[in-house]
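I opened my notebook for a first look at a new structure. Come along and keep the picture beside you.

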Amino acid sequence: MFPTAVEIMQQLVQICPEGGTVLDPFTGSGSTGVAALREGRQFVGVELSAHYADVAEARLRAELTQDDFVLAGPEA
């Protein structure tokens, strides 16, 4: 069986020190963010598409057990 995108990203985000912050300037559906959270890293994602920002937000919220993150939108 092939690894999922999140499983691959979990390996990649490990280059960031534990407790560090992973930046994803093209967040898309949020796979890197989910992987970062699973590996104990902070996550900052940037996504221009409202659709994909909503998808990523839902995935990140589902990954957390607390509402302990801030989502920022585009400036007016």
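**Entry on the strands.** I noted at the start that this is a predicted model. I looked up strand 1, residues 21-24, and asked which side chains point to which face. Val22 and Asp24 share one face and are buried.

Next I checked what lies beside strand 1. Strand 2, residues 42-45, runs parallel to strand 1, and four bridges join the two. I followed Asp24 across and found Gly45 as its bridge partner in strand 2. With helix 2, residues 31-38, the two strands make a β-α-β unit, and I wrote down that this unit is right-handed.

**Entry on the salt bridges.** How many salt bridges does the structure hold? I found two.

One pairs Arg38 with Glu63, and their closest N and O atoms are 2.8 Å apart. Arg38 sits in helix 2 and Glu63 in helix 3, residues 50-63, so this pair ties together parts 25 residues apart in sequence. Arg38 is partly exposed at 45% relative accessible area, and Glu63 is partly exposed too, at 27%.

In the other, Arg61 meets Glu57, with 2.9 Å from N to O. Both belong to helix 3, four residues apart, which puts about one helical turn between them. I have Arg61 down as partly exposed at 37%, and Glu57 as partly exposed at 26%.

Conventions: Residues are numbered from 1 along each chain as its sequence is written. This is a predicted model: local features need pLDDT of at least 70, side-chain atom pairs count only at pLDDT 80 or more; totals for chains, interfaces and linings use all residues. Side-chain values use heavy atoms; hydrogens and water are left out. Buried means under 20% relative accessible area, exposed over 50%, partly exposed in between (1.4 Å probe, protein chains only). Two strands pair if DSSP finds at least two bridges between them. A crossover is right-handed if, with the strands pointing away from the viewer, the path from the first strand over the helix to the second runs clockwise. A salt bridge is a side-chain nitrogen of Lys or Arg within 4 Å of a carboxyl oxygen of Asp or Glu.
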